[in-house]
Amino acid sequence: MIDAFLYPSAYGAVGDGATDDTKALQAWITACLQTGNAGWLSPTANGYVISAPLVASGGYHLTIRGPGSSSKILMKTPTQDGLQIGVSGHVEIGGFDFQGASAATAGAAINFTTPTNGALVDNIRTSNVWVGIHSNALAFAFTRLDIAAKGACLVLNNPGDSTVGVNSRLTPMASTAQGVVVNNPAGLKLADIKINSPIPYAYGVNAVVTVSDGDFFLLAPSSVEGFLNAGLIFSKPTGSRFTFGNLVISAQFAQGGPSGYIVFLPSNDPPWVSALAMVGVTGNGTHGCLISGVKSGVVTGCATSPAGPL
């Protein structure tokens with residue numbers, strides 16, 4: 001099966017950590033799209049330098065794999081994306097690292113620029129990036145991630161019935177940084193995801209609701225620790241009356257600053273949530289949990305400080 005892979009070296013990539021390999025890697029990705037063959041990002045001692053985003057578009061299927069941390073892409077400029085994906089069909093990416101410029105202020109390591117039906121991102125690591133993964137994908141699975149980012153580890157737009165987690169670690173690396181920013185979380189399942197940082201950060205999971213439909217899950221053994229403002233917060237545009245279905249929360253929380261909420265779900269008319277289930281939520285926060293705007297709820301095995309959650 002290894003003969004089916006396409007290798008960057010065949011397109012002129014050097015991977016010495018100094019040579020600009022942007023054109024060579026772009027030619028390699030284009031060949032993967034045109035032939036339908038999978039790409040293998042071969043390990044090198046110093047990594048592949050790129051000075052502009054690598055663009056994957058116009059194809060139906062894209063697979064790029066690597067052996068792990070010995071294979072990495074070095075993003076040269078502080079505002080660039082690493083890999084931009086505009087593929088309409090299935091995408092599989094995994095087994096390599098992205099390292100951003102030390103003063104990154106914009107851009108994402110992986111940016112799904114258009115809706116993609118079916119994406120698997122597995123075993124990706126990032127450091128010194130502004131955003132780890134920016135996604136417009138639908139029905140995706142992001143697993144075994146190790147994402148450190150200065151702006152947000154994950155930005156997910158309209159994820160639908162998707163899963164993030166499965167032995168994943170997110171590290172927001174600034175006081176204003178966030179673990180997960182999700183616009184319209186209905187259908188999203190966060191499971192076995194750890195959000196923590198040596199630097200107190202703003203929000204663990206920031207969910208903005210503008211469309212009503214579906215459920216949202218934050219499931220054990222997930223944990224959100226070190227946040228300043230809220231571990232899990234829901235918000236909506238001013239004047240909107242959108243709601244969504246079931247809200248299931250089972251996770252461990254720990255505040256990292258002088259104020260904050262474990263879970264913040266403010267009142268809404270009509271109520272945000274048709275049915276709430278909080279099971280085994282533990283942790284501490286200055287204000288505990290603020291939960292309102294729920295039609296019905298079941299709270300069991302929760303131990304938060306201050307007492308709550310309702």
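Two strands are taken to pair if DSSP finds at least two bridges between them. Helices (H or I, at least four residues) and strands (E, at least two) are DSSP runs, numbered from the N terminus. The structure is a predicted model, in which local features need pLDDT of at least 70 and side-chain atom pairs count only at pLDDT 80 or more, while totals for chains, interfaces and linings use all residues. Residues are numbered from 1 along each chain as its sequence is written, and side-chain values use heavy atoms, with hydrogens and water left out.

Strand E10 (residues 117–135) takes part in several pairings. With strand E8 (residues 91–99), E10 pairs in the parallel sense over eight bridges, and Asp-122 of E10 stands opposite Gly-94. Asp-122 also has a bridge partner in E11, namely Thr-143. Strand E11 (residues 138–143) runs parallel to E10, and five bridges join the two. Strand E12 (residues 146–157) is likewise parallel to E10, to which seven bridges join it; here Asp-146 in E12 is the bridge partner of Arg-125. Strand E9 (residues 108–112) pairs with E10 in the parallel sense over three bridges, and Ile-110 has Ile-133 in E10 as its bridge partner.

Helix H1 (residues 22–35) comprises 14 residues. From its first C-alpha to its last, H1 reaches 20 Å, close to the 20 Å expected at 1.5 Å a residue, where the expected span is 1.5 Å times one less than the number of residues. Buried residues (under 20% relative accessible area, with exposed over 50% and partly exposed in between; 1.4 Å probe, protein chains only) of H1 include Leu-25, Trp-28, Ile-29 and Leu-33. The buried residues of H1 pack against strands E1 (16–20), E2 (39–40), E3 (47–50), E4 (54–57), E5 (62–65) and E7 (83–86), contact being defined as heavy atoms within 4.5 Å. Just after H1, Gly-36 takes a positive phi of about 80°.

Rings of Phe, Tyr and Trp (its six-membered ring) pair if their centres lie within 6.5 Å; planes under 30 degrees apart count as stacked, over 60 as edge-to-face and the rest as tilted. By this rule there are six aromatic pairs. One of them, Phe-96 with Phe-98, is tilted, at 5.5 Å centre to centre and 55° between the planes. Phe-96 is buried, with a relative accessible area of 1%, and Phe-98 is buried with a value of 1%. Phe-112, Phe-140 and Phe-142 form one aromatic cluster.
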